[in-house]
Amino acid sequence: MPHLLRIDASISPESRTRAIADAFEDAWRARGPEWTVHVRDVVADPLPHLTSTALHWPERLRGDMQAPADHEALQQRVLTEIEAADVLLVGVPMYNFSLPSQLKSWLDLVHVPGLTAPSDGNPQPFAGKTAVLVTARGAVYDEESLALLDHAIPPVRIVLERGLGMHVSTIATNRTIAAMKPEFDAELAQVELDAALAAAREHATAFTP
Ligand SMILES: Cc1cc2nc3c(=O)[nH]c(=O)nc-3n(C[C@H](O)[C@H](O)[C@H](O)COP(=O)(O)O)c2cc1C
């Protein structure tokens, strides 16, 4: 059964990342009843910040470090959700050139060297899964400034791609505050959003389990 894990992280009622993820999810579900979806909304149901370094390591590498049992159980649930998924769809709104702190808490639970990522020769259990990152940015960036200023997508990509060994692609839309700032060009903003919606539908329709 092809299974999608969707992570939502926008605080906005008019979220573009959620709208693009909706387009992906609708196209995914339209493929048939066996195309299932699980949603983890880290805004509606926030994950706690790490309070123990133990959660960054598997038990065999923890030494004297102790993990709080309830937080460890939550981490296990988050990892089980990834294990069950063929595709991860991760909403990554840009907040202050970075990712939402709620999403960072998810990422902090997911990146466990020696368990989910290489450390002492262990395999990458989630390697080969597909991850689609959906990002939205209020302003306009050219390629050069994006490379310098975008600290939203890179940490998510590095963890999922280099750490966990997933195949990662990105769908992006910009100028999302054009309604407030006319110089950002609302017409171009709509063109970009339409292209992102179409790309999301295409990804969901083209995915081969
Ligand atoms: C707290 C906050 C910080 C933001 N910081 C930036 C920023 O640094 N650069 C930018 O281009 N847009 C910024 N924006 C605008 C968002 O990136 C934009 O609204 C985007 O559409 C957010 O994704 P969403 O529509 O899924 O909520 C910020 C918005 C908020 C609420």
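1. Pocket terms first. On a 1 Å grid over the protein atoms alone, a pocket is an open set of points where a 1.4 Å probe fits, with protein on both sides within 12 Å along at least five of seven lines, and lining residues have an atom within 4 Å of a point. Points are joined across faces, edges and corners, and the volume is the space filled by probe spheres set on them. The largest pocket comes out at about 390 Å³.

2. Ground rules. This is a predicted model, where local features need pLDDT of at least 70 and side-chain atom pairs pLDDT 80 or more, while totals for chains, interfaces and linings use all residues. Numbering runs from 1 along each chain as its sequence is written, and side-chain values use heavy atoms, leaving out hydrogens and water.

3. What lines that pocket? There are 17 lining residues, with Ser12, Glu14, Arg16, Thr176 and Ile177 nearest the centre. By class, eight are nonpolar, six polar and three charged (Ala, Val, Leu, Ile, Met, Phe, Trp, Tyr, Cys and Pro count as nonpolar, Asp, Glu, Lys and Arg as charged, the others, Gly among them, as polar).

4. The annotated site. An unreviewed UniProt entry puts a "binding site" at Ser10, Met94, Tyr95, Asn96 and Phe97. They are spread over 88 residues of sequence but cluster in space, with a largest C-alpha distance of 14.2 Å. Ser10, Met94 and Tyr95 from this set are in the pocket lining. Bear in mind that UniProt annotations may be inferred rather than shown by experiment; feature names are shortened and positions follow the numbering used here.

5. Met94 and Tyr95. Both sit in the loop between β3 and α3 (DSSP runs, numbered from the N terminus: helices are H or I, at least four residues, strands E, at least two). Met94 is buried at 13% relative accessible area, whereas Tyr95 is partly exposed at 25% (buried is under 20%, exposed over 50%, partly exposed in between, with a 1.4 Å probe and protein chains only). Leaving aside residues within four places in sequence, Tyr95 is in contact with Ala9, Ser10, Ile11, Ser12 and Pro100 (heavy atoms within 4.5 Å).

6. Arg40 is worth a look. This arginine lies in strand β2 and counts as buried because its relative accessibility is 7%. Its side chain makes a 2.8 Å polar contact with that of Glu81 (N or O atoms within 3.5 Å; within protein, one able to donate a hydrogen and the other to accept it, with sequence-adjacent residues counting only if both atoms are side-chain atoms).
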